[in-house]
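Trainee: Hi! Could you walk me through this structure? I'm still learning how to read one.
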Amino acid sequence: MQRHDFAYDLPPDLIAQTPLAERSASRLLVLEPNSGRDGAPASAEVGAQMPPPGTLRDCTMRDFPSLLRPGDLLVFNDTKVVAARLIGTKPSGGRVEIFLERVVAEVENQALVQLRASKPIRDGLEVTTAGGIVRILGRQDDLWRVEFPGSALEFFERWGDVPLPPYIHRAADANDRERYQSIFARERGAVAAPTASLHFDSQLVCDIEAMGVNRAFVTLHVGAGTFQPVRMDDLDTHVMHAERVSVSAATCRAIEKTRAAGGRVVAIGTTVIRALESAALAAVLPTGGTAERPAMAPTVVATAAAIVPLRLPEEGWSGETRLFIRPGFNFQVADALLTNFHLPESTLLMLVCAFAGMRPVLAAYEHAVRAKYRFFSYGDAMFLTRAAANAQPAAAATQAPAVPNAAAPTPSATPATAPTAAAAAAPTKRPSS
């Protein structure tokens, strides 16, 4: 499977540059899948004519409650966006842009950042900012380790700007402080919003609660790497950026209870999918760590054929994930997904194609372009149900170490790794759905 398989044509004027006046006023494209794999009936023979790749309905976010059922569970990402963009100057007067990636867990006044300057950066460079001197300590993989005068998070919150995505071609304003943040945001650490949550306002939440639909939370601190393009044509060689994740024991219990009662788990955003699937995969990896810092194998390859049904750890799970989900991944947790429209050839679009079928999703994107939906962070949304079976079952998804600052996954890893991990999970049973 190649990167260009996920390309589509998008007119630039469909990229939303500002939020709508009301959060829940966004449009909502509903993809209702046909039975069978990737839009084909389960009994279809080779050479049989393929049916339409799913049924599309044009709705609005205010119609979202009608797509839910009493007893469903909505899972949100409660990460809070930090004012992660900071401008400084070198001693020579040259401009430096500092973009927070994540704070160093063990040293609160240090962070890993992206740096942009007209001339090369050197170790030990002192950069003057509005909040004081920031010292460049050195490279760490493709990021820079930087020391701040005090708490790195507090420093960015006081002196930084809202980190609007690179496809929004304007400066952040006061409105973005509120609108590029979900109403559920409470755990500081993200440098980009979990954008599916941006469509929810208090009235929509009240309407959903009144139906008997429950909610739970995970935390995945979205990193700046979410905007980095996939540069390799061969997806087997792509390495995901690391992001911090926490899935609480309470959320794991809520999911198990929902499944036992026959309800659906509805992920609000791709970040929730990655958090839940990373927690589920943790169950099949070698033990020996703690809930905060679990010990994980260097690489686990999960394919539709190789991973047995899993359940979430009863004690919850937290760590770092590099989970790369693409067609062929065997989803364990979510039954439905609410998500925004994603960039061509992006890992997020690959995840959505894995979830609902490549052919139906790309057909839905073509419809969205024709119907002039608004795209990306401040754009409109899609609601998708998990495909009955995953397309391209030979493809794989790679999970790198969950231990902070662990090495990147080995590109040469093959699906042969997975049976070992699956065997470790053999005693576990998937909860009823």
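Trainee: How many residues does the hairpin that joins β6 to β7 go through?
Mentor: The hairpin from β6 to β7 goes through 6 residues. Helices (H or I, at least four residues) and strands (E, at least two) are DSSP runs, numbered from the N terminus.
Trainee: And before I go on, what kind of model is it?
Mentor: This is a predicted model: local features need pLDDT of at least 70, side-chain atom pairs count only at pLDDT 80 or more, and totals for chains, interfaces and linings use all residues. Residues are numbered from 1 along each chain as its sequence is written, and side-chain values use heavy atoms, with hydrogens and water left out.
Trainee: Thanks! How many bridges join β6 to β7?
Mentor: There are 7 bridges between β6 and strand β7 (residues 110-117), and the two run antiparallel. Two strands pair if DSSP finds at least two bridges between them. In β7, Leu-112 is the bridge partner of Arg-102.
Trainee: What about β5?
Mentor: Strand β5 (residues 85-89) is joined to β6 by 5 bridges, and they run antiparallel. Ile-87 stands opposite Glu-97 in β6. The hairpin of β5 and β6 has 5 residues between the strands, and there Gly-93 takes a positive phi near 100°.
Trainee: Why is β6 largely enclosed?
Mentor: Because 8 of the 9 residues of strand β6 (residues 95-103) are buried, the rest of the structure largely encloses it. Buried means under 20% relative accessible area, exposed over 50%, and partly exposed in between (1.4 Å probe, protein chains only).
Trainee: New topic! What is the strand order in the open sheet of 9 strands?
Mentor: The order is β2-β1-β18-β17-β14-β3-β12-β13-β16, with mixed pairing. At the edges stand β2 (55-60) and β16 (317-321), each with a single partner strand, so one side of each has no neighbour in the sheet.
Trainee: Which residue in β13 is the bridge partner of Leu-220?
Mentor: That partner is Val-245. Strand β12 (residues 214-220) and strand β13 (residues 243-247) are joined by 2 bridges and run antiparallel.
Trainee: Last one: is Phe-376 buried or exposed?
Mentor: Phe-376 counts as buried, at 4% relative accessibility. This residue is found in the loop between α7 (358-370) and β18 (381-385). Most residues other than glycine have a negative phi.
Trainee: And Glu-345?
Mentor: Glu-345 also isn't a glycine, and has a positive phi of about 60°. Glu-345 is partly exposed, with a relative accessible area of 23%.
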